[in-house]
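User: I would like to learn how to read a protein model from its computed features. Please take me through the one shown here.

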Amino acid sequence: MTERDATALRERHVAGECSVLETVESTLRRIEARDAELGAFAQVFAAEARERARTLDARLARKETPGALFGVPLALKSNMCVEGIETNCGSRILAGYRPPYTASFVQRALDAGCVLIGSTHMDEFAMGSSGEHSAYRATRNP
C-alpha cells in the first residue's frame, strides 16, 4: 500500500479493497521498520491514528460521503500546529509547546478524512533544507 498515491489509496478505501485501519497498520509497520535509519519521525501518533482509522471505517460503513483525503496517512513537519500536540519547530526553545489551536490547513485535511500519523523532524525553525540542523537529530528525509 505504500506505493500508491493519495487518490488511488482513497479509491481503494471507498471501494472496500482495504480498510483505513489496514492502511494505518501498514504505515505504522513501515515507520517502525525504517525510522531508526531515517530518523524522520519526531512523534508517531499510533494510538490516535488507529482510533481515527476505526472512526473513518465506521463512517464509510454508515454510507457517509468520504472526503477527498479519506484514509490517507499524513505526517506533518514539527512546525505545523495541531491542538494539544507538541509543536517544537525542531528547536529546544519550543520543547513541550502544545498549541491551543489547529492550523487551518491541517483542519481542512482532517475534515477531508486524512489520518495524522505523526510529526517529523526538520531543520530548526525551517532554516535549512538538508534536515541536518535540527536541535533533536539529523534526519534523512529532507
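Analyst: Start with one residue of a pair. At 53% relative accessibility, R62 counts as exposed, because the cut-off for that class is over 50%. Keep in mind throughout that this is a predicted model.

User: Which residue does the side chain of R62 meet in a salt bridge?

Analyst: Side chains of opposite charge can pair when their charged atoms come close. Here the partner of R62 is E64, with 2.9 Å from N to O. E64 is partly exposed, at 36% relative accessibility.

User: How many salt bridges does a search of the whole structure find?

Analyst: The search returns six. The R62 and E64 pair is one of the salt bridges. Another joins the side chains of E17 and R12, at 3.2 Å from N to O.

User: Are E17 and R12 buried or exposed?

Analyst: The two residues fall into separate classes. E17 has a relative accessible area of 53% and is exposed. R12 has 16%, so R12 is buried, the cut-off being under 20%.

User: Where do R34 and E37 lie?

Analyst: Both belong to helix α2, which covers residues 20-38. R34 and E37 are three residues apart, about one turn of the helix. Their side chains meet in a salt bridge, with 3.6 Å from N to O. R34 is partly exposed at 33% relative accessible area, and E37 is also partly exposed, at 46%.

User: How many positive and negative side chains does the chain have?

Analyst: There are 18 positive and 19 negative side chains. To read their arrangement, look at the centres of the two sets, which lie 2 Å apart.

User: Next, the fold. What pattern does the chain follow along the sequence?

Analyst: Count the elements, then read their order. The chain contains four helices and three strands, and the order is α-α-β-α-β-α-β.

User: What radius of gyration does the chain have, and what value would a compact globule have?

Analyst: The idea is to set the value for the chain beside a reference for its length. For 142 residues, a compact globule would have a radius of gyration near 14 Å; the chain has 16 Å, which agrees. Taken along the principal axes, the box filled by the C-alpha atoms is roughly 45 × 35 × 25 Å.

User: What share of the contacts comes from residues 24 or more positions apart?

Analyst: Among contacts in the chain with a separation of 6 or more, such residues account for 65%. Burial is read per residue: 39% of the 142 residues count as buried.

User: Where does A126 lie, and which value is its phi near?

Analyst: A126 is in the segment after β3 (115-120). Phi of A126 is near 60°, again positive in a residue other than glycine. With a relative accessible area of 43%, A126 is partly exposed.

Methods:
Residues are numbered from 1 along each chain as its sequence is written. This is a predicted model: local features need pLDDT of at least 70, side-chain atom pairs count only at pLDDT 80 or more; totals for chains, interfaces and linings use all residues. Side-chain values use heavy atoms; hydrogens and water are left out. A salt bridge is a side-chain nitrogen of Lys or Arg within 4 Å of a carboxyl oxygen of Asp or Glu. Buried means under 20% relative accessible area, exposed over 50%, partly exposed in between (1.4 Å probe, protein chains only). Helices (H or I, at least four residues) and strands (E, at least two) are DSSP runs, numbered from the N terminus. The radius of gyration is taken over C-alpha atoms; the globule rule is 2.2 Å times the number of residues to the power 0.38. Contact means heavy atoms within 4.5 Å. Lys and Arg count as positive and Asp and Glu as negative; His and the chain ends are not counted. The place of a charge is taken as NZ of Lys, CZ of Arg, CG of Asp or CD of Glu.
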